Amino acid sequence: MKKRNPKKNLIISWIIIGIGALFALIGAMTVQEYKVNLCLLIGFFIIIAGIVYHLVMVRCPYCDHSLAGYRPLPKECPKCHKTFEE
């Protein structure tokens with residue numbers, strides 16, 4: 001199984017989190033009487049899914065070391081020192 005580039009997975013996870021934030025914002029703007037509506041819940045679950053995707057998929061394609069806490073994303077793996085393909 002060919003693994004994806006961690007930079008692509010990072011971008012995908014931020015897109016998912018952004019879509020979730022957009023849904024949550026729409027839900028917060030349309031809420032009445034401080035109630036939780038469906039759009040707000042969907043946005044919350046999409047944000048959680050984006051965070052889980054980020055933690056699971058942003059890894060080194062060679063040694064499977066997690067790269068979730070590195071800012072900015074390194075050009076090579078801190079554990080096995082192999083460079084990532086562009």
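Helix 1 has 25 residues and reaches 36 Å from its first C-alpha to its last, close to the 36 Å expected at 1.5 Å a residue. Helices are DSSP runs of H or I with at least four residues, numbered from the N terminus. The expected span is 1.5 Å times one less than the number of residues. This is a predicted model, in which local features need pLDDT of at least 70 and side-chain atom pairs count only at pLDDT 80 or more, while totals for chains, interfaces and linings use all residues. Residues are numbered from 1 along each chain as its sequence is written, and side-chain values use heavy atoms, with hydrogens and water left out.

**Helix 1**

- Pro6, Asn9, Leu10, Ser13, Ile17, Gly20, Ala24 and Gly27 are the buried residues of helix 1. Buried means under 20% relative accessible area, exposed over 50%, and partly exposed in between (1.4 Å probe, protein chains only).
- Helix 2 is included in what covers these buried residues of helix 1. Contact here means heavy atoms within 4.5 Å.
- Pro6 belongs to helix 1. Pro6 counts as buried, at 1% relative accessibility.
- Leaving out residues up to four places away in sequence, Pro6 touches Val58, Arg59, Pro61, Leu67, Leu73 and Phe84.
- Pro6 and Pro61 are 55 residues apart along the chain, yet their C-alpha atoms are separated by 7.4 Å.

**Helix 2**

- Helix 2 covers residues 38-57. Its 20 residues should span 28 Å at 1.5 Å a residue, and the end C-alpha atoms are 28 Å apart, which agrees.
- Cys39, Gly43, Gly50 and His54 are buried in helix 2. Seen down the helix axis, the buried residues fall within an arc of 55°, so they line one face of helix 2. The arc is that of the directions from the helix axis to the C-beta atoms.
- An α-helix has 3.6 residues a turn, so residues three or four places apart point the same way.
- The buried residues of helix 2 pack against helix 1 (6-30).
- Exposed Leu38 and Phe45 sit on the face of helix 2 turned away from its buried side.

**The loop between the helices**

- Asn37 lies in the loop between helix 1 and helix 2.
- A polar atom of the Asn37 side chain is 3.1 Å from the backbone nitrogen of Leu40.
- Asn37 is also in contact with Gly27, Thr30 and Val31, leaving aside its neighbours within four places in sequence.

**Nonpolar core**

- The largest nonpolar core has 6 residues: Leu10, Val58, Cys60, Leu67, Cys77 and Phe84. Such a core is a set of buried Ala, Val, Leu, Ile, Met, Phe, Trp, Tyr and Cys residues joined through side-chain atoms within 4.5 Å.
- Leu10 touches His54, Val58, Arg71 and Leu73, not counting residues up to four places away in sequence.

**Cysteines**

- The structure holds 0 disulfides (pairs of cysteine sulfur atoms within 2.5 Å).
- Cys80 is in no disulfide, and the nearest cysteine sulfur, that of Cys77, is 3.7 Å away.
- Cys80 is partly exposed, with a relative accessible area of 26%.

**Backbone exceptions after helix 2**

- Most residues other than glycine have a negative phi, and most peptide bonds are trans.
- Arg71 and Pro72 are joined by a cis peptide bond, with omega about -10°. Pro72 is in the segment after helix 2.
- Asp64, not a glycine, has a positive phi of about 65°. Asp64 lies in the segment after helix 2 and is partly exposed, with a relative accessible area of 37%.
- His81, not a glycine, has a positive phi of about 60°. His81 is placed in the segment after helix 2 and is exposed, with a relative accessible area of 52%.

Note on methods. Helices (H or I, at least four residues) and strands (E, at least two) are DSSP runs, numbered from the N terminus. A polar contact is a pair of N or O atoms within 3.5 Å; within protein, one must be able to donate a hydrogen and the other to accept it, and residues adjacent in sequence count only if both atoms are side-chain atoms.
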